[in-house]
Amino acid sequence: MADQTSHLLQAWKSQLDLLDDLSTRDRMPKRKAIKDLADQVKIIEKGSGDELNEILKALFPRLCKWTTCAVESVREMTLLALLPNYVTHTPTPEVETLLGCAVDRMEAEPTEELRQHWLDLMKLWVVQSATTRFPTAKIEPLMTKLITLAIKDECPEVKEKAADLVGLLAENQPTFLRHRGENTIRQLLPLVSYRRSAIRVKGVETIGKVLQCAPQGARLVGEQWAKLYSDEAPKVRTAWIDIAGSLILEWEPIDRYTHAGHMLPFLINPQKDDVTQAACSDYMTRVSMTCDKDMEAAGLVPLVGHWAGWRHLVHQCFDDLFQHMTVVCHDVVAQPRLVARKSLAAFLEHCEMDDLIKIARRLLRDTLLPWAMLVPSSVVTSMLTEPVTDAAPGDDEQVKKTNNQPDLFVELQVQHLMDALLQLRLKLSWPIFLDQLLSFVQPQTLVKKEHAQDTVYAVLMVLAFSVSEDRGVVLKRDMNEQERKRANAALKATVPHMDAARSLDVYNSLLPHLD
């Protein structure tokens, strides 16, 4: 076999020597030589596999060299005809050398189509090696660099093929990605903010494949959920819902209850359009049924009532879910912040009272009170005296602009804050809600605070929203006389700390609701 290989190489000597010259000289002869060589290899392919294997192994160093030839047709034919044969018919290809070549060419190759062909070659190799274990220590740095370069490439088609390559790795070599899930997700995140929606959808789908085998990467997605979910394209938002729901359903129970908190924000859907709302409802039903089976298999006493499995999952993942739902409420970017604030009421609606009691003070201190400080006092004083007409549910773009609320953005903020406070108040009941709220305006507490005026103003605003009739629910009817007196006394004690320009107007408007 070795003698036959040597004989063939000797017969091809003139062609090989011509192609070994990497300059632009003899462009047409080189084009003919590489085509003739590819045709002869194709003929050998029909015969003995061992013979082809030996020939390709002998040619491999030259093939790598020819991919740097100054003649584009030589590079193209090498990539399209010769190297794929090498990957397909060589049982143990020199992976490290091949990957190193690919990395070099992704940086140096000027032709977009050839950069795409390099990724196609790597995809072929991944599929061919599906039944063998990767030499991870050797190829991981090279594969990581190749994917990074491809995702950063200016050509959209190269980015798309990079996502396909990662998806094939997740499907065929899950152990390769399992221990580096976060790094891979970090590499893919630029795809989901690319200008083309088709690339963003491809990025979302690839992230889903990676998270299937490396669920620990879900943390990075959860931290940016509001930014990702505020995408202007409905098909991208729907893709995130599909990925989140599918992952929670398909993960093993240990991964489901460990990592689902990072994906649940996508299912607690603040949107009101029919497509996303129907998708969320469907996944929530299926997740609830799956969690019911988990509890039954674990021998746990099932929760009573509707959506028992869903409530159990939210309870188990509460800490991660609470973190993701509240941190983004103060995002510096307006759109993710608006999405997060709009979602907060829906999140509170799904929470168990025990969980809310545990975090109520932190929720008020870190999220709701700072949020209330930003609302102009005129909004609340007008609301308490002449409640404004609420907008149609979910129709944010057509919220009526009134004299009291000239700014649409402020009006949306008020609505979402009122929704969140309503849910919190309904879940906790008035005694517990007042305990948590009035603790911020105790005299001994205000003396120590540098910003006592702001704190008093925020507490007044929250209480004003809570008793407002604007949402069609007269909450003050739920507050008994003793609780109203208690709230009144606590607020009177804060008068020395009230800002005349803001707080006194709100306080005076609030008094009739507490008498």
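Here are some notes on a few helices, helix pairs and loop residues in this predicted model.

1. Ground rules. Residues are counted from 1 along each chain as its sequence is written, and side-chain values use heavy atoms, with hydrogens and water left out. Since this is a predicted model, local features need pLDDT of at least 70 and side-chain atom pairs count only at pLDDT 80 or more, while totals for chains, interfaces and linings use all residues.

2. Start with H3 and H5. Helices here are DSSP runs (H or I, at least four residues), numbered from the N terminus. H3 and helix H5 (residues 72-89) pack at an angle of about 20°, and their axes are 9 Å apart. That makes H3 roughly parallel to H5, a label for angles under 35 degrees. The axes are lines fitted to C-alpha atoms over the stretch in contact, and angles run from 0 to 180 degrees between N-to-C directions. The crossing of H3 and H5 is left-handed, meaning the near helix is turned anticlockwise from the far one by less than a right angle.

3. Who meets whom there? Contact means heavy atoms within 4.5 Å. On the H3 side, the residues include Ile 34, Leu 37 and Val 41, and on the H5 side they include Val 74, Met 77 and Leu 82. By class, this contact has 8 nonpolar, 4 polar and 3 charged residues. For the classes, Ala, Val, Leu, Ile, Met, Phe, Trp, Tyr, Cys and Pro count as nonpolar, Asp, Glu, Lys and Arg as charged, and the others, Gly among them, as polar.

4. Now compare H24 and H26. The axes of H24 and helix H26 (residues 452-467) come within 11 Å and cross at roughly 165°. That makes H24 roughly antiparallel to H26, the label for angles over 145 degrees. Their crossing is right-handed, with the near helix turned clockwise. Trp 430, Phe 433, Leu 434 and Leu 437 in H24 meet a group in H26 that includes Val 459 and Leu 463.

5. Buried means under 20% relative accessible area, exposed over 50%, and partly exposed in between (1.4 Å probe, protein chains only). Among the buried residues of H9 are Val 158, Lys 161, Ala 162 and Leu 165. Leu 119, which sits in helix H7 (residues 112-128), touches Val 158, Lys 161, Ala 162 and Leu 165, among others. Leu 119 is itself buried, at 0% relative accessibility.

6. Check the length of H15. At 1.5 Å a residue, the 17 residues of H15 (residues 234-250) should span 24 Å, and the end C-alpha atoms are 24 Å apart, which agrees. The expected span is 1.5 Å times one less than the number of residues. H15 also has 12 of its 17 residues buried, so it is largely enclosed by the rest of the structure.

7. Another is Ser 429, with phi of about 80°, in the loop between H23 (408-428) and H24 (430-438). Asp 26 is partly exposed, with a relative accessible area of 42%, and Ser 429 is partly exposed at 31%.

Notes
Helix = DSSP H or I, 4+ residues; strand = E, 2+ residues; numbered from the N terminus. Parallel < 35°, antiparallel > 145°, perpendicular 65-115°, else oblique. Lists of a residue's contacts leave out its neighbours within four places in sequence.
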